[in-house]
Amino acid sequence: MSKVLVSGGCGFIGSHLCDRIMRRSDLELCIVVDNLWTGDVQNLAHIRDDRFRIVQSDVERFQTDLRFDEIYHLASPASPPWYMSEPIRTISANLIGAMRLLELLAPGGRFGFTSTSEIYGDPLVSPQPESYRGSVDCTGPRSSYDESKRCTESLLFETRRTKGIDLRVVRLFNVYGPRTRPDDGRAVSNFIMQALSGQPLTVYGSGEQSRSWGYVEDIVDGLERYFWSDPVNYPGPLNIGNDREIPVIEVARYISKMFGNLPIHHVDPAPQDPTNRRPDLNLARRTLPGWKCKVPYEKGVQLTVDWFRAHLAQQYQDQLTLI
Ligand SMILES: NC(=O)c1ccc[n+]([C@@H]2O[C@H](COP(=O)([O-])OP(=O)(O)OC[C@H]3O[C@@H](n4cnc5c(N)ncnc54)[C@H](O)[C@@H]3O)[C@@H](O)[C@H]2O)c1
(Lines give C-alpha, C1' and ligand atoms only; values in the text may rest on other atoms or scores of the structure.)
Protein backbone atom coordinates (compact mmCIF):
# COMPACT_ATOMS: atom_id res chain seq x y z
CA MET A 1 0.00 0.00 0.00
CA SER A 2 1.33 3.45 -0.95
CA LYS A 3 1.54 6.77 0.85
CA VAL A 4 1.54 9.52 -1.77
CA LEU A 5 2.23 13.26 -1.43
CA VAL A 6 1.21 15.77 -4.11
CA SER A 7 2.55 19.32 -3.79
CA GLY A 8 0.42 21.87 -5.64
CA GLY A 9 -2.52 19.45 -5.74
CA CYS A 10 -5.12 22.24 -5.46
CA GLY A 11 -3.96 23.69 -8.77
CA PHE A 12 -5.15 23.07 -12.30
CA ILE A 13 -3.09 19.99 -13.25
CA GLY A 14 -2.51 18.80 -9.68
CA SER A 15 -6.22 18.45 -9.00
CA HIS A 16 -6.69 16.28 -12.11
CA LEU A 17 -3.70 14.19 -11.03
CA CYS A 18 -5.31 13.70 -7.59
CA ASP A 19 -8.49 12.44 -9.28
CA ARG A 20 -6.39 9.71 -10.92
CA ILE A 21 -4.50 8.88 -7.71
CA MET A 22 -7.77 8.43 -5.80
CA ARG A 23 -8.82 5.67 -8.25
CA ARG A 24 -5.89 3.50 -7.14
CA SER A 25 -6.67 0.39 -5.11
CA ASP A 26 -3.12 0.28 -3.68
CA LEU A 27 -3.48 3.74 -2.11
CA GLU A 28 -3.14 4.03 1.67
CA LEU A 29 -2.98 7.82 1.94
CA CYS A 30 -2.82 10.84 -0.38
CA ILE A 31 -1.74 14.15 1.15
CA VAL A 32 -1.93 17.37 -0.84
CA VAL A 33 0.35 20.17 0.33
CA ASP A 34 -0.67 23.51 -1.13
CA ASN A 35 -0.43 27.13 0.02
CA LEU A 36 -3.35 28.19 -2.25
CA TRP A 37 -1.26 30.83 -4.03
CA THR A 38 -2.71 29.99 -7.44
CA GLY A 39 -4.73 26.92 -6.41
CA ASP A 40 -8.25 26.54 -5.11
CA VAL A 41 -9.55 23.91 -2.65
CA GLN A 42 -12.76 23.88 -4.67
CA ASN A 43 -10.81 21.94 -7.34
CA LEU A 44 -10.74 19.02 -4.89
CA ALA A 45 -14.04 19.58 -3.05
CA HIS A 46 -15.63 16.62 -4.86
CA ILE A 47 -13.17 14.11 -3.33
CA ARG A 48 -14.73 12.51 -0.27
CA ASP A 49 -12.44 9.71 0.83
CA ASP A 50 -10.85 8.90 4.20
CA ARG A 51 -7.55 8.26 2.45
CA PHE A 52 -7.36 11.89 1.24
CA ARG A 53 -6.12 15.00 3.10
CA ILE A 54 -5.27 18.58 2.18
CA VAL A 55 -2.71 20.54 4.23
CA GLN A 56 -2.46 24.28 3.64
CA SER A 57 1.26 25.01 3.82
CA ASP A 58 4.20 26.23 1.76
CA VAL A 59 5.82 23.05 0.53
CA GLU A 60 9.22 24.40 1.62
CA ARG A 61 8.01 24.52 5.23
CA PHE A 62 5.79 21.43 5.35
CA GLN A 63 6.30 19.53 8.62
CA THR A 64 5.41 15.88 9.12
CA ASP A 65 6.86 12.70 10.63
CA LEU A 66 5.46 10.67 7.73
CA ARG A 67 7.64 9.34 4.92
CA PHE A 68 6.14 8.86 1.45
CA ASP A 69 6.50 6.10 -1.12
CA GLU A 70 5.68 8.49 -3.96
CA ILE A 71 6.04 12.26 -4.12
CA TYR A 72 4.78 14.34 -7.05
CA HIS A 73 6.12 17.90 -6.97
CA LEU A 74 3.86 20.27 -8.91
CA ALA A 75 3.93 23.28 -6.57
CA SER A 76 4.72 26.29 -8.79
CA PRO A 77 2.68 28.76 -10.75
CA ALA A 78 2.80 28.00 -14.48
CA SER A 79 1.36 31.23 -15.84
CA PRO A 80 3.83 34.03 -16.76
CA PRO A 81 1.93 36.94 -15.12
CA TRP A 82 1.77 34.96 -11.86
CA TYR A 83 5.38 33.79 -11.74
CA MET A 84 6.73 37.11 -13.01
CA SER A 85 4.89 38.97 -10.24
CA GLU A 86 6.60 36.89 -7.50
CA PRO A 87 9.83 35.52 -8.98
CA ILE A 88 11.63 34.72 -5.71
CA ARG A 89 8.59 32.85 -4.44
CA THR A 90 8.53 30.88 -7.71
CA ILE A 91 12.19 29.89 -7.39
CA SER A 92 11.58 28.85 -3.78
CA ALA A 93 8.50 26.75 -4.60
CA ASN A 94 10.35 24.74 -7.24
CA LEU A 95 13.85 24.40 -5.84
CA ILE A 96 13.56 24.71 -2.04
CA GLY A 97 10.26 22.83 -2.31
CA ALA A 98 12.04 19.92 -4.04
CA MET A 99 14.82 19.95 -1.42
CA ARG A 100 12.27 19.71 1.40
CA LEU A 101 10.30 16.98 -0.35
CA LEU A 102 13.41 14.87 -0.93
CA GLU A 103 13.76 14.72 2.87
CA LEU A 104 10.26 13.22 3.08
CA LEU A 105 10.83 10.42 0.54
CA ALA A 106 10.87 6.91 2.01
CA PRO A 107 13.93 4.76 1.13
CA GLY A 108 13.40 3.37 -2.37
CA GLY A 109 10.62 5.93 -2.96
CA ARG A 110 9.67 7.53 -6.27
CA PHE A 111 9.93 11.26 -7.00
CA GLY A 112 7.97 12.79 -9.90
CA PHE A 113 8.56 16.37 -11.03
CA THR A 114 6.67 18.52 -13.52
CA SER A 115 9.31 20.50 -15.36
CA THR A 116 8.39 22.54 -18.40
CA SER A 117 8.99 23.17 -22.08
CA GLU A 118 9.93 26.71 -20.97
CA ILE A 119 13.37 25.35 -20.22
CA TYR A 120 13.88 25.24 -24.01
CA GLY A 121 13.45 29.06 -23.93
CA ASP A 122 12.90 30.60 -27.37
CA PRO A 123 13.89 27.41 -29.21
CA LEU A 124 16.13 27.44 -32.26
CA VAL A 125 15.11 23.90 -33.27
CA SER A 126 11.63 22.56 -33.92
CA PRO A 127 10.21 20.24 -32.74
CA GLN A 128 12.18 20.21 -29.48
CA PRO A 129 13.65 16.84 -28.43
CA GLU A 130 14.66 16.25 -24.80
CA SER A 131 18.31 16.41 -25.90
CA TYR A 132 17.91 20.07 -26.98
CA ARG A 133 19.66 22.27 -24.41
CA GLY A 134 17.54 25.31 -24.99
CA SER A 135 17.97 28.98 -25.64
CA VAL A 136 17.23 30.66 -22.31
CA ASP A 137 18.05 34.12 -20.98
CA CYS A 138 19.17 33.24 -17.46
CA THR A 139 18.65 36.78 -16.13
CA GLY A 140 15.59 37.67 -18.21
CA PRO A 141 12.00 38.30 -17.09
CA ARG A 142 11.05 34.61 -17.34
CA SER A 143 14.18 33.29 -15.67
CA SER A 144 12.63 32.69 -12.23
CA TYR A 145 10.51 30.00 -13.81
CA ASP A 146 12.81 28.61 -16.53
CA GLU A 147 15.92 28.56 -14.41
CA SER A 148 14.34 27.23 -11.23
CA LYS A 149 12.91 24.35 -13.27
CA ARG A 150 16.35 23.73 -14.80
CA CYS A 151 18.07 23.86 -11.43
CA THR A 152 15.46 21.57 -9.88
CA GLU A 153 16.04 19.07 -12.70
CA SER A 154 19.74 19.28 -11.90
CA LEU A 155 19.08 18.76 -8.16
CA LEU A 156 16.95 15.70 -8.88
CA PHE A 157 19.28 14.06 -11.39
CA GLU A 158 22.27 14.63 -9.08
CA THR A 159 20.30 13.17 -6.16
CA ARG A 160 19.49 10.15 -8.30
CA ARG A 161 23.16 9.80 -9.25
CA THR A 162 24.45 10.08 -5.70
CA LYS A 163 21.61 8.45 -3.73
CA GLY A 164 19.74 6.32 -6.27
CA ILE A 165 16.17 7.65 -6.03
CA ASP A 166 13.52 6.40 -8.46
CA LEU A 167 13.08 9.57 -10.53
CA ARG A 168 10.45 10.64 -13.11
CA VAL A 169 10.86 14.08 -14.68
CA VAL A 170 8.40 15.33 -17.29
CA ARG A 171 8.65 18.47 -19.37
CA LEU A 172 5.08 19.58 -19.96
CA PHE A 173 4.12 21.73 -22.93
CA ASN A 174 1.12 24.11 -22.81
CA VAL A 175 -1.85 22.58 -21.04
CA TYR A 176 -5.41 23.93 -21.09
CA GLY A 177 -8.81 22.76 -19.89
CA PRO A 178 -11.28 22.77 -16.99
CA ARG A 179 -10.07 24.13 -13.61
CA THR A 180 -7.83 26.78 -15.15
CA ARG A 181 -8.18 29.94 -13.05
CA PRO A 182 -10.41 32.54 -14.75
CA ASP A 183 -7.59 35.08 -14.09
CA ASP A 184 -4.82 32.65 -15.10
CA GLY A 185 -3.62 35.07 -17.78
CA ARG A 186 -2.69 32.65 -20.58
CA ALA A 187 -4.13 32.68 -24.09
CA VAL A 188 -6.92 30.09 -24.08
CA SER A 189 -8.46 31.08 -20.74
CA ASN A 190 -8.00 34.80 -21.48
CA PHE A 191 -9.83 34.50 -24.81
CA ILE A 192 -12.63 32.43 -23.25
CA MET A 193 -13.12 34.84 -20.35
CA GLN A 194 -13.15 37.82 -22.72
CA ALA A 195 -15.57 36.06 -25.07
CA LEU A 196 -17.93 35.08 -22.25
CA SER A 197 -18.17 38.73 -21.21
CA GLY A 198 -18.58 39.92 -24.82
CA GLN A 199 -15.27 41.82 -24.88
CA PRO A 200 -12.79 41.97 -27.77
CA LEU A 201 -10.08 39.30 -27.59
CA THR A 202 -6.60 40.68 -26.88
CA VAL A 203 -3.64 39.10 -28.63
CA TYR A 204 -0.08 39.92 -27.50
CA GLY A 205 2.00 40.96 -30.52
CA SER A 206 1.13 39.61 -33.97
CA GLY A 207 -0.17 36.30 -32.60
CA GLU A 208 2.05 34.40 -35.03
CA GLN A 209 3.88 32.87 -32.03
CA SER A 210 2.86 29.21 -31.89
CA ARG A 211 2.11 26.84 -29.03
CA SER A 212 1.22 23.16 -28.75
CA TRP A 213 -1.98 23.00 -26.75
CA GLY A 214 -2.56 19.80 -24.78
CA TYR A 215 -5.98 19.08 -23.32
CA VAL A 216 -5.59 18.38 -19.60
CA GLU A 217 -7.11 14.87 -19.63
CA ASP A 218 -4.65 13.75 -22.31
CA ILE A 219 -1.71 15.26 -20.45
CA VAL A 220 -2.71 13.76 -17.09
CA ASP A 221 -3.19 10.43 -18.84
CA GLY A 222 0.49 10.65 -19.81
CA LEU A 223 1.43 11.58 -16.23
CA GLU A 224 -0.55 8.68 -14.78
CA ARG A 225 1.16 6.20 -17.09
CA TYR A 226 4.65 7.59 -16.52
CA PHE A 227 4.41 8.22 -12.79
CA TRP A 228 2.85 4.95 -11.66
CA SER A 229 0.78 2.80 -14.02
CA ASP A 230 3.06 1.78 -16.94
CA PRO A 231 6.12 -0.42 -16.31
CA VAL A 232 8.70 2.31 -16.94
CA ASN A 233 12.33 2.41 -15.93
CA TYR A 234 13.42 5.77 -17.31
CA PRO A 235 14.10 8.81 -15.09
CA GLY A 236 13.38 11.39 -17.77
CA PRO A 237 13.36 14.06 -18.88
CA LEU A 238 10.31 13.16 -20.96
CA ASN A 239 8.37 15.60 -23.14
CA ILE A 240 4.61 15.35 -22.61
CA GLY A 241 2.37 17.49 -24.79
CA ASN A 242 0.40 17.76 -27.98
CA ASP A 243 2.54 18.07 -31.11
CA ARG A 244 -0.12 19.91 -33.12
CA GLU A 245 1.34 23.41 -33.24
CA ILE A 246 -1.13 26.29 -33.58
CA PRO A 247 -0.41 30.04 -33.76
CA VAL A 248 -2.04 32.08 -30.98
CA ILE A 249 -3.90 34.20 -33.56
CA GLU A 250 -5.58 31.07 -34.90
CA VAL A 251 -6.88 30.24 -31.40
CA ALA A 252 -8.19 33.79 -31.07
CA ARG A 253 -9.94 33.57 -34.45
CA TYR A 254 -11.46 30.21 -33.56
CA ILE A 255 -12.88 31.42 -30.23
CA SER A 256 -13.98 34.73 -31.77
CA LYS A 257 -15.96 32.77 -34.38
CA MET A 258 -17.55 30.52 -31.72
CA PHE A 259 -18.96 33.68 -30.09
CA GLY A 260 -20.27 35.39 -33.26
CA ASN A 261 -17.07 37.01 -34.61
CA LEU A 262 -15.89 39.13 -31.69
CA PRO A 263 -13.23 41.71 -32.61
CA ILE A 264 -9.55 40.86 -32.01
CA HIS A 265 -7.25 43.60 -30.65
CA HIS A 266 -3.47 43.39 -30.78
CA VAL A 267 -1.46 44.76 -27.84
CA ASP A 268 2.31 44.95 -27.14
CA PRO A 269 4.07 41.56 -27.16
CA ALA A 270 4.65 39.89 -23.77
CA PRO A 271 8.32 40.15 -22.66
CA GLN A 272 10.50 37.50 -24.30
CA ASP A 273 7.46 35.54 -25.46
CA PRO A 274 8.85 32.41 -27.20
CA THR A 275 8.20 32.42 -30.95
CA ASN A 276 7.44 28.69 -31.20
CA ARG A 277 6.95 25.59 -29.10
CA ARG A 278 6.38 22.02 -30.23
CA PRO A 279 7.36 18.76 -28.52
CA ASP A 280 9.31 16.02 -30.20
CA LEU A 281 7.31 13.05 -28.89
CA ASN A 282 9.43 10.16 -30.22
CA LEU A 283 10.76 9.33 -26.76
CA ALA A 284 7.29 9.62 -25.16
CA ARG A 285 5.88 7.19 -27.75
CA ARG A 286 8.64 4.66 -27.03
CA THR A 287 8.42 5.08 -23.23
CA LEU A 288 4.63 5.07 -23.00
CA PRO A 289 3.45 2.84 -25.86
CA GLY A 290 -0.12 3.66 -26.87
CA TRP A 291 -0.20 7.08 -25.19
CA LYS A 292 -1.17 10.01 -27.39
CA CYS A 293 -3.27 13.17 -27.24
CA LYS A 294 -6.74 12.10 -28.30
CA VAL A 295 -8.86 15.21 -27.71
CA PRO A 296 -8.83 17.39 -30.85
CA TYR A 297 -8.17 21.03 -30.14
CA GLU A 298 -11.66 22.09 -31.30
CA LYS A 299 -13.35 19.68 -28.88
CA GLY A 300 -11.00 20.63 -26.03
CA VAL A 301 -11.83 24.31 -26.46
CA GLN A 302 -15.56 23.53 -26.45
CA LEU A 303 -15.21 21.45 -23.25
CA THR A 304 -13.23 24.27 -21.65
CA VAL A 305 -15.83 26.88 -22.64
CA ASP A 306 -18.56 24.65 -21.19
CA TRP A 307 -16.63 24.32 -17.92
CA PHE A 308 -16.00 28.08 -17.64
CA ARG A 309 -19.70 28.76 -18.22
CA ALA A 310 -20.75 26.31 -15.50
CA HIS A 311 -18.00 27.47 -13.11
CA LEU A 312 -18.85 31.16 -13.47
CA ALA A 313 -22.58 30.42 -13.07
CA GLN A 314 -21.81 28.52 -9.86
CA GLN A 315 -19.65 31.37 -8.52
CA TYR A 316 -22.46 33.84 -9.29
CA GLN A 317 -24.97 31.58 -7.55
CA ASP A 318 -22.68 31.32 -4.47
CA GLN A 319 -22.41 35.12 -4.31
CA LEU A 320 -26.21 35.49 -4.49
CA THR A 321 -26.59 32.97 -1.65
CA LEU A 322 -24.19 35.02 0.49
CA ILE A 323 -26.11 38.29 -0.01
N1 LIG B 1 -0.20 24.45 -17.07
C2 LIG B 1 0.78 24.31 -17.95
O3 LIG B 1 0.59 24.59 -19.12
C4 LIG B 1 2.12 23.77 -17.51
C5 LIG B 1 3.12 23.63 -18.48
C6 LIG B 1 4.38 23.18 -18.08
C7 LIG B 1 4.61 22.82 -16.77
N8 LIG B 1 3.62 22.96 -15.86
C9 LIG B 1 3.94 22.62 -14.45
O10 LIG B 1 2.92 21.82 -13.91
C11 LIG B 1 2.74 22.16 -12.52
C12 LIG B 1 1.29 22.51 -12.25
O13 LIG B 1 0.92 23.59 -13.09
P14 LIG B 1 -0.57 24.18 -13.06
O15 LIG B 1 -0.87 24.66 -14.41
O16 LIG B 1 -1.47 23.20 -12.40
O17 LIG B 1 -0.35 25.44 -12.12
P18 LIG B 1 -1.29 26.00 -10.97
O19 LIG B 1 -0.80 27.38 -10.70
O20 LIG B 1 -2.72 25.82 -11.31
O21 LIG B 1 -0.96 25.03 -9.76
C22 LIG B 1 0.17 25.20 -8.93
C23 LIG B 1 -0.25 24.86 -7.51
O24 LIG B 1 0.91 24.99 -6.66
C25 LIG B 1 0.54 25.71 -5.49
N26 LIG B 1 1.75 26.31 -4.96
C27 LIG B 1 2.55 27.25 -5.54
N28 LIG B 1 3.61 27.50 -4.76
C29 LIG B 1 3.50 26.70 -3.68
C30 LIG B 1 4.29 26.49 -2.52
N31 LIG B 1 5.44 27.18 -2.31
N32 LIG B 1 3.88 25.59 -1.61
C33 LIG B 1 2.73 24.89 -1.79
N34 LIG B 1 1.93 25.05 -2.87
C35 LIG B 1 2.32 25.94 -3.81
C36 LIG B 1 -0.51 26.70 -5.97
O37 LIG B 1 -1.33 27.20 -4.93
C38 LIG B 1 -1.31 25.82 -6.95
O39 LIG B 1 -2.31 25.09 -6.31
C40 LIG B 1 3.71 23.29 -12.22
O41 LIG B 1 4.87 22.74 -11.64
C42 LIG B 1 4.02 23.86 -13.58
O43 LIG B 1 5.28 24.46 -13.63
C44 LIG B 1 2.39 23.43 -16.19
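How many aromatic pairs does the structure hold? I looked this up before anything else. The structure holds 10 aromatic pairs. I note here that the model is a predicted one.

**Entry: Tyr72 and Phe227**

I took up the pair of Tyr72 and Phe227, which is stacked. The ring centres lie 4.7 Å apart, with 15° between the planes. I then checked where the two residues sit along the chain. Tyr72 belongs to strand E4 (residues 68-73) and Phe227 to helix H6 (residues 216-229). The pair links distant parts of the chain, 155 residues apart.

**Entry: Tyr254 and Tyr297**

I turned to another pair, Tyr254 and Tyr297. The centres of these rings are 5.9 Å apart and the planes stand at 55°. An angle under 30 degrees would count as stacked and one over 60 as edge-to-face, so this pair is tilted. Tyr254 lies in helix H7 (residues 248-258) and Tyr297 in helix H9 (residues 297-322).

Tyr297 is at 5% relative accessibility, so I wrote it down as buried. The cut-off for buried is under 20%.

**Entry: a cluster and two arginines**

I found that ring pairs link Tyr72, Tyr226, Phe227 and Trp228 into a cluster. One member, Tyr226, has Arg168 over its face, at 5.8 Å from the ring centre. Elsewhere in my list, Arg89 lies over the face of Trp37, at 4.1 Å from the ring centre.

**Entry: the ligand**

How many residues surround the ligand? I recorded 31, and the closest are Ile13, Asp34, Thr38, Val59 and Tyr145. The shell divides into 15 nonpolar, 11 polar and 5 charged residues. Helix H1 (12-21), strand E5 (105-116) and helix H4 (143-163) each supply at least two residues of this shell. The largest share, 3 residues, comes from E5.

I then went through some polar atoms around the ligand. A polar side-chain atom of Thr114 is 3.0 Å from a ligand oxygen. A polar backbone atom of Asn35 lies 3.2 Å from a ligand nitrogen. For Ser76, a polar backbone atom is 3.5 Å from an oxygen of the ligand. On its own the ligand has 820 Å² of accessible area, and the protein covers 97% of it.

Definitions and conventions:
Residues numbered from 1 in each chain as written. Predicted model: local features only at pLDDT ≥ 70, side-chain atom pairs only at ≥ 80, totals over all residues. Heavy atoms only, no water. Phe/Tyr/Trp six-rings, centres within 6.5 Å; stacked < 30°, edge-to-face > 60°. Helix = DSSP H or I, 4+ residues; strand = E, 2+ residues; numbered from the N terminus. Buried < 20%, exposed > 50% of the residue type's maximum accessible area, 1.4 Å probe, protein only. Lys NZ or Arg CZ within 6 Å of the ring centre and 35° of its normal. Near = heavy atom within 4 Å. Polar contact = N/O pair within 3.5 Å; in protein donor to acceptor, adjacent residues only side chain to side chain. Areas by Shrake-Rupley, 256 points an atom, 1.4 Å probe, with all protein chains shown as cover. Nonpolar A, V, L, I, M, F, W, Y, C, P; charged D, E, K, R; others polar.
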